[in-house]
Amino acid sequence: MNPLLEQFLSESREALQNIAEKLMQLEKEPTSVDLVTELFRFVHTLKGNSGLFELPELTRVIHAGEDLMDAVRSGRVAYSSILADRLLDAMDFIGILCDEIESHERIDARHGSDSVRLAEALRQLIVSTPPETAPALPSEVAATANETEKISLPLELIPETARLAAYRSALQGNILHWLAYRPVEDCFFQGDDPFYQSRQTPGILWVSIAARSELPKLADLDPYNCLLDFTILSCAPREELDEYYRYLREQIHLTALQPHALIIPQGDPNGGPVYEDFVADALLLLQTGNSEGLVRAARSMLELSNPDLWFSSALRWLLLVIECEPANHAAQEVILTSLRTLTPLVWENPAAPATIAAPAPVVATVTETTALTPATTVAQEMPPEIMAIVAVQRDILTMPLDVNWSGRCKGAVAALSGCLRAFGAAAAVAGLEQALQDSLADKSAEPLLEWLDNFFAASAAQPQTEQTEATDPLQSAALQEVQTDAPVTTTAQADADVKFGRRTEDNFSGPKSIKVDQTKIDRLMNLIGEMVVAKNALPYLAGRAENVYGVRDLSREIKSQYAVINRIAEEMQDSIMQVRMMPVSFVFQRFPRLVRDTSNKLGKEVRLVLEGEDTEADKNIIESLGEPLVHIVRNSLDHGLEMPEVRRALGKPTVGTLTIRASQESDRVVIEIRDDGKGIDPEVIKHKAYEKGVISEEQLERISDQEAVNLVFAAGFSTAEVISDLSGRGVGMDVVRTAVEKVNGTIRLESEKGKGTCISISLPLSMAVSNVMIIESNNQIFGVPMESVVETVRIPRSDIRSIKKSQTTVLRNRIVPLKPLNTMLGIAAPQKANEEDKLAVLIANVFGEHVGILVDDFHETVDIILKPMTGVLAGLSAYSGSALLGDGSVLMVLDIKEII
Amino acid sequence: MAITFKKDRAVFVDTVSGDDAENLLEWLHKYPKGKIDLTACTHLHPANLQVLMAAKRPVVLRPKDTLLAEWISSAIKLV
């Protein structure tokens, strides 16, 4: 996952928790201005963050929440528990979206309608306050527009060919959608092209464009104020449409169409002969099941008639219905009947003939249908799911009386009234409440059960017929309002609000990242380090088992156990390292600003190039890098890069380039700072160093150019003529070197006069555990850090030459100076040779040069935790620290640079 | 490509962007009898369409792109 998104998720979770917390506090003191301000700030931040990503569903809800909180903050809306409920609901919804983003890295478009509803619920609270603070929000306008459109869909506007095609497609299993798209008026300024958007709608069958209202006269027309409405007929599944319009969810209104609603014959109703005979014959053919004959008759009739006639249009529909649904005789009969009378089609509904016998196109939502039916027949209209709920409530009511009986009764009644309201039978709720009161008074469930039996008697008697009704497409309302889009009426608000609340006990999914105090991590790392060292005791133990106690088998077993522990310890070490790893971008991110400000102040033109920002290293290492890098970059800007005119005169591009590159080389991080400035003149450095007393006159003559350049790292050195506020106080590079060496890093400077300078810093990836080689001298053991060990060799005493007082040898054609360790440590004893009279030489790398250190013997290498010398020992510069070995002895680790 | 404005007609070619709507409006003012030629047009931004609808000028040459012709026929009269 993209790290930015990851961070967003963890921050959002935190923000959600904070919002919930503040809301709870606000419940206790609803007038607290501080709390409201804080709450607003959280919501505002969350919204701002979400805007970085393409998450329209999420942003829409948070935006509404922010507007609401802003209104609360400015006192336009008072805090209420409804407000808290809705806001909490919205936050739960956002939590769900966050979970989804985490698992799928995107939000499914199916959340679109929920998102719109939640946003509207929040905005309603802003609008329902005093009139002067009720700006008509675009979504509100769209919402009310949707309401009016629901009354009737002008399906007859669709040309017959498109309707025929749609019908055919619907019967192949596609669901038809009528999509009303009303772009916002300023959509052109947002770069939208609603026409293009409409044309690209998936499964598009037909588009129509109409002006929203009478367009103004040409002279008054603002071409960039969108006044057009788009209507689209599509056969794509709802999810696909939701996905396609996910950014415009507030601007569209979707209605699912029953295919039969499209059968609207059109044309000239007059001028044709009377078709009584044909209709009679056709009905007969239909009844006898002779569909071939019917098709033939209809075809020949169609050929004889003028194609523009209403009659012909109806015939075309008849042929299509026969072709697509040969078994649906009812539909064919309806068409034939209407042919006889030349009147629009009448879809009969045997279930409730009185209510739905309206002329086609029949348009009715589920709510309307049930609202028109008398309460006693409501039960017949209820789907099986509701009946199941009712049956469960009945069971609950018949349970034996006990302590919780009255609560249970109330619960059952609440569930039942919810069902009733949802199906438009709110009037019956009063009767139910009355029955509840009676029941509670009598302490018996009888009144309630009686009411239930009366109300639902009819449905219990005929469950079978209900099944068939549901499957017959002709009998349900011709159009069905898409369920999730059902308008939320204010009376049923409490029940109809979709709750996204997640109880803490079920499906709690906590954040995937945790913030931990660094000291805890450090402690863990120290412990793991101790573990690494402690495991080193096992090989000693194995050795003792074998050598001292003579139990070879036990020794072998200990060794195999050691292998297992070793593997686990290494993995632990690796994991804790991963925890502490940070990208160098943490340090790099300050440079663009630093370079910009500094170069502006100096009047130089600089282009900064950052590379390898995602290279990772231990947190301590990264943090220790900050200071030195700032020094180096300032130096490069101040001393390295020339003024633009100088550069132009030299034939260089006026804009200087400063490159900071990070890369990983095996177990080290290398940071390179390169500029294409004037470079360092070794002669100038030499003389400066001599003037400041850094080198002697003798050294001045001998020193090589490379050595001279590296003198800038010496203490108290500065080349700048004038001490500016940027650099030049003579501490710069010295401090840099010390800081780098403190974390076991090395720094190297290369420079070519006139071409530029390159400083490379090499740092260990981590500093927790170091690898040292154990050497022996005068019966004591010492550690030497592996990074300074080049190789170990045995040299015959005869190969050692003395030049003046120094010993040297030739190793692979190179002269290597030799230094006895005993001498360097002030031990009088000479180095011991082995039985072949060869001396052990450890070739070490000191400041880029090889030095041979004469020791008595070599031992193995071990992983140790280097503890710096503290207290009175801190002054002993010969040692970089001490460590505990597996057998309990103390190992002193030499600081080779200091003792040479 | 955009709209080429001539004295007697405005020729729409390929996809016509919204930027042209203002020019189109101006041109319609200037040449009230000019014809609109959509023959080579494949898509036009609704801002243009809106201007054409407001102009109530039926002299529009039908686009060769049959789909476009069908879609816009609900909004403007094509010849």
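I began with helix α28 (residues 619–640) of chain A, which lies across β7, β9, β10 (668–675) and β12 of chain A and runs at about 15 degrees to β10(A). Helices (H or I, at least four residues) and strands (E, at least two) are DSSP runs, numbered from the N terminus. Angles run from 0 to 180 degrees between N-to-C directions, with axes fitted to C-alpha atoms, for helices over the stretch in contact.

I noted that this is a predicted model: local features need pLDDT of at least 70, side-chain atom pairs count only at pLDDT 80 or more, and totals for chains, interfaces and linings use all residues. Residues are numbered from 1 along each chain as its sequence is written, while chains are lettered from A and ligands numbered from 1 in the order in which they are written.

Next I looked up the sheet. I found 5 strands in an open sheet of chain A, in the order β7-β9-β10-β12-β11, with mixed pairing. Strands pair if DSSP finds at least two bridges between them. β7 (606–611) and β11 (746–752) of chain A stand at the edges with a single partner strand each, so one side of each has no neighbour in the sheet. The twist averages 10 degrees from one strand to the next.

I then followed β11(A). It runs antiparallel to β12 (residues 756–764) of chain A, joined by 7 bridges. Arg748(A) stands opposite Ser760(A) in β12(A).

Last, I checked a helix pair. Helix α7 (residues 160–171) and helix α12 (residues 310–324), both of chain A, pack at about 15 degrees, with axes 11 Å apart. That makes α7(A) roughly parallel to α12(A) (angles under 35 degrees count as such).

Terms used:
Angles under 35 degrees count as roughly parallel, over 145 as roughly antiparallel, 65 to 115 as roughly perpendicular and the rest as oblique. Two residues are in contact if their C-beta atoms, placed from the backbone, lie within 7 Å.
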